[in-house]
Amino acid sequence: MSANRLSGVFVACAGLLLLFLIIPANTETVDYGRMRPQTIPDLCAILLVAFGVLHAIRPRGEVAIEWREVWRFALFATIAAVSLFLMGRFGFPVIAPVTALVVMLLIGERRPVWLATGALIIPAVVWLVVVQLLERTLP
């Protein structure tokens, strides 16, 4: 199976996962309004499935797998998963700045102002907006 077809199958499977597991588990049912909360996410998931299948059936162009990029993606996916786990245990305010700093250092950022902005100011603004303004909880 070519990388093109494999990417189409992956996108279609991700769409099915969203449609049948993730979206139903994470949307609230409401008895008001003209549109159900899951309408737009469901539509996007259906489009992912349709376009993924279409791409798997009729791939265009040629794609080669760059293993260096695959390993780099795996590293960042692992960092994200570990960060989510740690946020559940220690909370967003503790883990988000550390995660942001680690990611910025791994992508090569070395300027102190940008490191401080990304690791301190942006997580603080996210916390202020989500927790204080929107009155939602963060892990």
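This is a predicted model: local features need pLDDT of at least 70, side-chain atom pairs count only at pLDDT 80 or more; totals for chains, interfaces and linings use all residues.
Colleague: Hi! At which residue does helix 1 bend?

Modeller: Helix 1, residues 3-26, bends by about 45° at Leu-18. That bend is the angle between axes fitted to the seven residues ending there and the seven starting there. Helices here are DSSP runs of H or I with at least four residues, strands are E runs of at least two, and both are numbered from the N terminus.

Colleague: Thanks. How many helices and strands does the protein have?

Modeller: The protein has 5 helices and 0 strands, in the order α-α-α-α-α along the sequence. Its radius of gyration is 19 Å, well over the 14 Å that the globule rule gives for 139 residues, so the protein is more spread out than a compact globule. The radius is taken over C-alpha atoms, and the rule is 2.2 Å times the number of residues to the power 0.38.

Colleague: What box do the C-alpha atoms fill?

Modeller: Roughly 50 × 45 × 25 Å, taken along the principal axes.

Colleague: And how is the protein divided into domains?

Modeller: Domain 1 covers 3-57 and domain 2 covers 67-133, with bounds from an automatic or database domain assignment. The C-alpha centres of the two domains lie 27 Å apart.

Colleague: Back to helix 1. Which of its residues are buried?

Modeller: Asn-4, Gly-8, Ala-12, Gly-15, Leu-19 and Ile-23 are buried. Buried means under 20% relative accessible area, exposed means over 50%, and partly exposed is in between, using a 1.4 Å probe and protein chains only. Across the protein, buried residues make up 20% of the 139 residues.

Colleague: What covers those buried residues of helix 1?

Modeller: The cover includes helix 2, residues 39-57. Gly-52 lies in helix 2, and Gly-52 touches Gly-8, Val-9, Val-11 and Ala-12, not counting residues up to four places away in sequence. A contact here means heavy atoms within 4.5 Å.

Colleague: Is Gly-52 buried or exposed?

Modeller: Gly-52 is buried, with a relative accessible area of 2%. Gly-52 and Arg-68 are 16 residues apart in sequence and 24 Å apart in space, C-alpha to C-alpha.

Colleague: Where is Gln-38 found?

Modeller: Gln-38 sits in the loop between helix 1 and helix 2. Its relative accessible area is 14%, so Gln-38 is buried. Leaving out residues up to four places away in sequence, Gln-38 touches Ile-23 and Thr-27.

Colleague: New topic: where does UniProt place the "transmembrane region" feature?

Modeller: The unreviewed entry places it at residues 39-57, 69-86 and 113-134. UniProt positions follow the numbering used here, feature names are shortened, and annotations may be inferred rather than shown by experiment. In the model, residues 39-57 are 100% helix and 0% strand, with end C-alpha atoms 27 Å apart. Residues 69-86 are also 100% helix and 0% strand, and there the end C-alpha atoms are 26 Å apart.

Colleague: Last one: which residues does UniProt list for "domain: DUF1468"?

Modeller: Residues 9-139, again from an unreviewed entry. That span is 75% helix and 0% strand, and its end C-alpha atoms lie 32 Å apart.

Conventions
Residues are numbered from 1 along each chain as its sequence is written. Side-chain values use heavy atoms; hydrogens and water are left out.
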